[in-house]
Amino acid sequence: MNPLNFEEYKQEEEVVPGILEKVLGRASINYFSENAKKEYAGKVVLVTGAAGSIGAELVRQLQACKPKILLLLDQAESGLYDLVHDLHSGNGHLKFVESIVCNITNKKSLERIFVSNKIDIVFHAAAYKHVPLMEDHPFEAINTNIFGTKILADLSVEFGVSKFVFVSTDKAVNPTNIMGATKRAAEMYIQSYTHISKTDFITTRFGNVLGSNGSVIPLFSKQIAKGGPITVTHPEITRYFMTIPEACSLVLEAGSIAQGGEIFVFDMGGSVKIIDLAYKMLALAGLEPGKDIEIIFTGLRPGEKLYEELLSTKENTKPTHHPKIMVAEVQENDHEYVNYMLLSIKESFDNGGEIDMIRQLKSLIPEFKSNGSRFSSLD
């Protein structure tokens, strides 16, 4: 095995194609079928969080479907500029691509976008996703992940969007942190529209993606390039993984087969120990742990689980035509009740009542039990 030069990987965007597959131990697979691609041809498609890891890959795969208009929305100006530049440099002038700098919590700005464009399909990937940061900043997590999603969902219903595909996370299952709980609340709200709206609301739920911004592979790459140490929170911590293209192709495939109200769960294979990823990356770099570089255990962070789940104990799955996509059989949520609870959370949010706000969130999601967090006393 030829050692890899990790000096090339000091910046996460410089991780070259191939290393992720080497760490994963298999080739990346494209699950996006030709039949599914027809679902998006000639449509006006809005992608929120378009500058992020998942959003940008959704955009790249969607452009091959020849949509009528592809609207790329993100609050990150520089990331959005870079994405559009890359799209144009690779394909010439893309007349059907439009970039929109906007925060999803800005209802008036979003409303202007819906008024100006007859949007057919929404892919909602915009979110705050980092567990430790959101434990420290619950107002931001709740404002973006819950209220931003609510604004988008309500506007989608008002303006007759055909499909709304929500990118969720395995951290929404039996959440132990603010981030996961906000994503679960968002799942509940959009699913509550199932029988009262012509818009088909779909949730896609999967685990970690290798190589995404802030994920473990770019982190380990930087640490190795600096000579260590490699930091792992716990020797037994595990996660489910797939590559960014795999995750996005499954999101698009699920969106094409959805009837509305489903929570799609992806088969991500077996869970992987993070320490094993560290050993694999060191081996690929031609290094030995303890000799060439140290590995240190830093302890679980507030809200962090030892392992993630794709289903709660109350959920089972049924198969779809696709072997990698299953539908979770979940309890339906009453729209009036979920909306009332979100309004209660909003009242606490507006009044600056952090503890009361989290207490209301836990009331909406009884399985939400904080792990090693300052909010554990509310359980």
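Helix H3, residues 53-63, is mostly covered, with 10 of its 11 residues buried. Buried means under 20% relative accessible area, exposed means over 50%, and partly exposed lies in between, using a 1.4 Å probe and protein chains only. The buried residues of H3 are Ser53, Ile54, Gly55, Ala56, Glu57, Leu58, Val59, Gln61, Leu62 and Gln63. Helices here are DSSP runs of H or I with at least four residues, strands are runs of E with at least two, and both are numbered from the N terminus.

A word on the source. This is a predicted model, where local features need pLDDT of at least 70 and side-chain atom pairs count only at pLDDT 80 or more, while totals for chains, interfaces and linings use all residues. Residues are numbered from 1 along each chain as its sequence is written, and side-chain values use heavy atoms, with hydrogens and water left out.

Next, the sheet. Nine strands make an open sheet with mixed pairing, in the order E3-E2-E1-E4-E5-E6-E11-E15-E14. Two strands pair if DSSP finds at least two bridges between them. At the edges are strand E3 (97-101) and strand E14 (316-319), each pairing on one side only. From one strand to the next, the twist averages 25°; the axes are lines fitted to C-alpha atoms, for helices over the stretch in contact, and angles run from 0 to 180 degrees between N-to-C directions.

Now two of the pairs. Strand E1 (residues 44-48) and strand E2 (residues 69-74) run parallel and are joined by 5 bridges. Thr48 has Leu73 in E2 as its bridge partner. E14 and strand E15 (residues 325-329) run antiparallel, with 4 bridges. Lys318 stands opposite Val327 in E15. E14 and E15 form a hairpin, with 5 residues between them.

Last, two single residues. Thr238 sits in strand E9, residues 238-239. Is Thr238 buried or exposed? Thr238 is buried, because its relative accessible area is 13%. Leaving out residues up to four places away in sequence, Thr238 touches Ser271, Val272, Lys273, Leu306, Tyr307 and Glu308. Contact means heavy atoms within 4.5 Å.

Glu135 is in helix H6, residues 131-136. Glu135 is buried but has no salt bridge, and Arg374, the nearest side chain of opposite charge, is 6.1 Å away. A salt bridge needs a side-chain nitrogen of Lys or Arg within 4 Å of a carboxyl oxygen of Asp or Glu. For charge, Lys and Arg count as positive and Asp and Glu as negative, while His and the chain ends are not counted. With residues up to four places away in sequence not counted, the contacts of Glu135 include Asn177, Pro302 and Phe375.
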